[in-house]
Amino acid sequence: VTHLSLSLSIDSDGLQVVGRWDGLVLARGEVLGEIRMFIAGAPCVALEADEFAARDERGPLPLREATTEGEGEPVRRWTVERATKGRIVVSYLATAVTEWLPSPHPPLELRREADGFSGAFKCFLVLPPGVEEASFELTWESASDAADTAGPVAVCSLGQAGGSQSAVSGVGLDVLTHTYVMCSTDPVAHHAVGDISTWWLTAPPFDVKPFTQQLSDTYREMAATFDAAPHPFRVFLRASPHRGMSASAHPASFVVAMDPTTPADERVLQRTVAHELVHEWLHLDGPTDSVTWFNEGAADYYALVVSLRRGVIDDQTFLSEVNTAARLGYASPFHGLTLVEAERLYWSDFRAHRLPYVRGMFYLADLDARLRQHKEQHTLDQGVRQVLSKQRAGMHVGLAEWCAIIDDLLGEDERAKIGRFVFNPGGRPRQGTFGSRFIIHDTEVPIVDPGFAADTFPARQVHGLVPGGPADRAGLTQGETVQLPTYEEAANLNVGDELIAEVWRDGRLVPLAIPLGGRSIVVPQWRLSGD
Ligand SMILES: [Zn+2]
């Protein structure tokens, strides 16, 4: 049995890390610790050879450091140059990253903000391989006793320290490495409503109180919908110089990085975290190519529907988001692809990546309508609660089990329905989807294809300009910096509209009108039935 007692304290340039290993016995040449150089583009701590020290019962442990350039990203490893005896103590200063990379990546690396630091353990914890089952205890050495009485000086995905609590413990290094940590010499600023709490080191660019209140309301409604027990969930906010938001999911927590000097789009933030809250409970088990559409579609569906049910959003906001989703899916330049075909494009084009989300969401919305229109008037919530109760009983619930649950309620062949609706491009939501208050009217909308690569929208620099295409003919040039509406705004344009871009020419901002490509398609759009 291996146990790690980990203690952290704040230093001027980063976090002092001391790890005490019990039950870890290494032969000469075995690996005492390793850490990747980058994770998903986020830089990990750059320890020099002599900055990582270890000792055991016999005294200092001689170490050899090496960086391996394997298949994936490089890994830095320390091996012991003699056999170990008894408890091993490793210590090092995890220096915070100070420089910013030009493009955003998930907010994982250890960074300083105000009088504190935040980051994910996987970016600054040096751990031995092969002891994934180890138990751990995490403590903070508080610099100031006064801070303890005023509130937590450290908080992580698993709990908080300061005040009455000083340690967090658990089993499995996988949980520990995915944990996100935020700490400060003063108590960490936060706002809590019920099980939901929001934490920050730099004052965020929006009002945290109503944000947390609405999220807490949504969370409670979800717990009731899924007939599941709520548990504490933390939202960490951190400052980043990049435009827009970048985010990462951690155990029972979520980190959002945003520029504190630009106004935040609170609705996008709400929707994003609500999506993550659904993931806390609802998923199908199985390989990603068989269940990702369900897991992401269900997260989008319930984030929206529960927010409406609870009154966190009004009918108009609901309609605008449903209608945008329908356009993003059914009027995408990739609308005709199968999911297998779209999957090959996931990492090169975000429009392809949206397809499983949108098809999954509208499949579930349509299924809810089918269940309600059935003579026994079932609901989607009933089917979903069966998934969760089977999983709580330890059962595997994958796509086949989902189909069996729905077959049982409807007496139809659900597998074939999913094939047509999700894996292939044929499905369209029926009248009655989202309830009788809303009606579908088919609308012809443009397929947004302005003749440049989709990442031109977020990057604001022209990529993949198609010679002779609409953007080229409008006068845009490859590599040029350009102001554009967001892709969602572009997807909401109508037939005959043009995309208005602005480029700097001779010291002034010149507007250019780009036709949308000329193709159009009929998509479902919803409105209130009385309107
Ligand atoms: Zn998701």
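Student: Which residue in S19 stands opposite histidine 190?

Tutor: That's tryptophan 199. Keep in mind that this is a predicted model.

Student: Okay, and how many bridges join S18 to S19?

Tutor: Five bridges join S18 to strand S19 (residues 196-200), and the two run antiparallel.

Student: What's the strand order in the whole sheet?

Tutor: The order is S18-S19-S20-S22-S21, in an open sheet of five strands with mixed pairing. At the edges sit strand S18 (189-193) and strand S21 (246-250), each pairing on one side only. On average, neighbouring strands of this sheet are turned by 15 degrees against each other, direction ignored.

Student: Which strands does helix H3 lie across?

Tutor: Helix H3 (residues 208-226) lies across S18, S19 and strand S20 (233-239), and runs at about 150 degrees to S19. H4 packs on the sheet too, where H4 touches S19, S20, S21 and strand S22 (253-258). The direction of H4 makes about 155 degrees with that of S22.

Student: How far apart are the end C-alpha atoms of H4?

Tutor: They're 20 Å apart. Helix H4 has 14 residues (266-279), and at 1.5 Å a residue those should span 20 Å, so the two values agree.

Student: And which residues of H4 are buried?

Tutor: Among them are Arg267, Leu269, Gln270, Val273, Ala274 and His275.

Student: Switching topic: what coordinates the zinc ion?

Tutor: His275 (NE2), His279 (NE2) and Glu296 (OE) do, at 2.0 to 2.1 Å. In sequence, those donor residues are spaced H-x3-H-x16-E. Histidine 279 lies in helix H4 and glutamate 296 in helix H5, so this pair ties together parts that are 17 residues apart in sequence.

Student: Is glutamate 296 buried or exposed?

Tutor: Glutamate 296 counts as buried because its relative accessibility is 16%, and the cut-off for buried is under 20%. Histidine 279 has a relative accessible area of 26%, so histidine 279 is partly exposed.

Student: Last one, helix H11. Which of its residues are buried?

Tutor: In helix H11 (residues 414-423), they are Glu414, Ile418, Gly419, Phe421 and Val422. What covers them includes helix H5 (288-309), helix H6 (315-330), helix H7 (339-343), helix H8 (350-373) and helix H10 (399-410).

Student: What does aspartate 413 reach to at the start of H11?

Tutor: A side-chain oxygen of aspartate 413 reaches to within 3.3 Å of the backbone nitrogen of arginine 415.

Definitions and conventions
Residues numbered from 1 in each chain as written. Predicted model: local features only at pLDDT ≥ 70, side-chain atom pairs only at ≥ 80, totals over all residues. Heavy atoms only, no water. Buried < 20%, exposed > 50% of the residue type's maximum accessible area, 1.4 Å probe, protein only. Helix = DSSP H or I, 4+ residues; strand = E, 2+ residues; numbered from the N terminus. Contact = heavy atoms within 4.5 Å. Polar contact = N/O pair within 3.5 Å; in protein donor to acceptor, adjacent residues only side chain to side chain. Expected span 1.5 Å × (residues − 1). Donors = N, O, S within 2.8 Å, 3.2 Å for Na, K, Ca; no water. Pairing = 2+ DSSP bridges. Axes fitted to C-alpha atoms, helices over the stretch in contact; angles between N-to-C directions.
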